Amino acid sequence: MKVCIAYPALNGKASPMLTQNRQFQWMSIGSYIYPLVPAYAATLLAEDGNNVLWHDGIAEQRTYEDFLRELESEKVDIVAFETKTPVVKYHWNIIDDIKERIPEIKTVLYGDHVTALPEETLLRSKTDFVLTGGDYDFSLRGLVRWLRDSSDSPPGGAWWRDDRGEIRSSGPFRLDSDLNSLPFIDRDLTKAHHYYEKWKKREPFRYTMVARDCQWGRCTFCSWTTTYNNFRTQKHTKLLDEVGHLIENYGVKEVFDDSGNFPTGKWTYDFCRGMIERGYSDEILFTCNMKFDLLVKHPDLIDLMVEAGFRKVKSGLESASQATLDMLDKNIKVEDIVEGCKMASRAGLDVQLTIMVGYPWETKSDAQRTVDLARELFDQGYAEMLQATVVIPYPGTPIYEMAQANGWFRFDPAEYERFDMTEPVLTTPDMTPDEVQNMSAQIYKNFLSPRFVVRNIKKIRSWEDISYLARGAVAVGGHIADFWKVRK
Ligand code: SF4
């Protein structure tokens, strides 16, 4: 079968940040995060004897017409793409358009929105199949096998319409596939060179995803809790082998593991020792997502991580208010986050903090405290990078249900296109929507502080550092513009 894994171009407000199914945002300066699960899907399907096309109209900056032409000229049998709340209506229209032009093609949607509301997509569009759950690499392979061989049964979590137009489902999605059985992603097929972190330091840069998705997995705002309800990881030796494969075959110099939360405990100690023993620590820089309470519990691990080539950890500050962290079920104390930042930065690890404003219980002074704490950590050099967003309650998350129960929505929540971070979705006690957006922009304005600028100029040692700072400055300008362009 010919299967196309796609991100069709979207003619929206700017460049859509859709991949990896976390927070969606239209960005003035595009951000192209590697969609790891779809990349695994392409790899598994090719390995299973299918002819696979990878079409990312967003990262490759191709047009929508290009996409339709490619489906037609390549005689694609199945086209599958990831969707998310703010763009699900775009995708319904695209699918209706495709079905109009190529009626015989089968269309598949996956992602957190359709996991939460699978029937809606079948009722409101001509989509043939919805795959729920986060293992849509395994489930897409299962679906293709079912359609191709008709002997197998459909994968768990699949939804479709039968010949009489009635909606059918194969039951709840399953997350019991063995991640150690996955091949290395085919990074040529999936054009991995198109994707990068704005904050990468070295090139070539590549992504990995050793785990799905987070040991904690309970934060009430987190989209990953909709698609993953358990935590699994590959063996540490498999990630070491993959790092070696990337160095040997692509000359990779920086890797970002984009698991929701990097494995911890003995696994990480073993991984770090392996990086040192195999000499990879001298060849690459490594970054991962990690909760600070896990670091604070293992102070000796930080030094080992630095020795193993770790450059940066990304972690959620979310708020300076303990009451907010508790409402979010973050299971962490503000002091632990601050202490984690200090420990990591003193050991030589860069810290990137993600921060949110606009919680429906958050007062202006709460939000200001968050902005102030972020500024303090940044000014002291305990955080090297800040990433700010407005809280968005995606369907399927506990905070979405809380918003429904408490009447927190500012508008009809069926207006999905307004969940695109250009305005708050939730009411706040004493902030206007513009004030919420401006709080986000203020966090980015910390990058303009003289102390930060001087500190970074002092750190310049090479052309690599200059290029890193220049890219950072452009990206920050884009973020400030994104949040400053508040509702008109
Ligand atoms: S720690 Fe991060 S990845 Fe894990 S549930 Fe919370 S927000 Fe999601």
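Buried means under 20% relative accessible area, exposed means over 50%, and partly exposed lies in between, with a 1.4 Å probe and the protein chains only. The model shown is predicted, so that local features need pLDDT of at least 70 and side-chain atom pairs count only at pLDDT 80 or more, while totals for chains, interfaces and linings use all residues. Residues are numbered from 1 along each chain as its sequence is written, and side-chain values use heavy atoms, with hydrogens and water left out.

View A. The residues around the ligand are Asp213, Cys214, Gly217, Arg218, Cys219, Phe221, Cys222, Gly260 and Lys291, where a residue counts as near a molecule or strand if one of its heavy atoms lies within 4 Å of it. This shell divides into four nonpolar, two polar and three charged residues; Ala, Val, Leu, Ile, Met, Phe, Trp, Tyr, Cys and Pro count as nonpolar, Asp, Glu, Lys and Arg as charged, and the others, Gly among them, as polar. Cys219, one of the shell residues, is buried, with a relative accessible area of 9%. The structure holds zero disulfides, a disulfide being a pair of cysteine sulfur atoms within 2.5 Å.

View B. Asp329 is placed in the loop between α12 (322–327) and α13 (334–347); helices (H or I, at least four residues) and strands (E, at least two) are DSSP runs, numbered from the N terminus. Because its relative accessible area is 24%, Asp329 counts as partly exposed. Leaving aside neighbours within four places in sequence, Asp329 is in contact with Trp216, Arg218, Cys219 and Thr220, where contact means heavy atoms within 4.5 Å. Two of these partners, Arg218 and Cys219, also belong to the residues around the ligand. Between Asp329 and Met290, which are 39 residues apart in sequence, the C-alpha to C-alpha distance is 16 Å.

**View C. Trp361 in its loop.** The loop between β16 (350–357) and α14 (364–379) holds Trp361, which counts as buried because its relative accessibility is 19%. Apart from neighbours within four places in sequence, Trp361 is in contact with Thr324, Met327, Leu328, Asp366, Ile399, Met402, Trp408 and Pro429. Although Trp361 and Thr427 are 66 residues apart along the chain, their C-alpha atoms are separated by 8.4 Å.

View D. Thr287 is found in strand β14 (residues 285–289) and counts as buried at 4% relative accessibility.

View E. A cis peptide bond with omega of about -5° joins Glu203 and Pro204, and Pro204 lies in the loop between β9 (167–169) and β10 (205–208). The bond from Arg212 to Asp213 is also cis, with omega near -20°, and Asp213 is one of the residues around the ligand. Glu318, in strand β15 (residues 310–318), has phi near 65°, a positive value in a residue other than glycine. Met421, likewise not a glycine, has a positive phi of about 70° and is buried at 2% relative accessibility.
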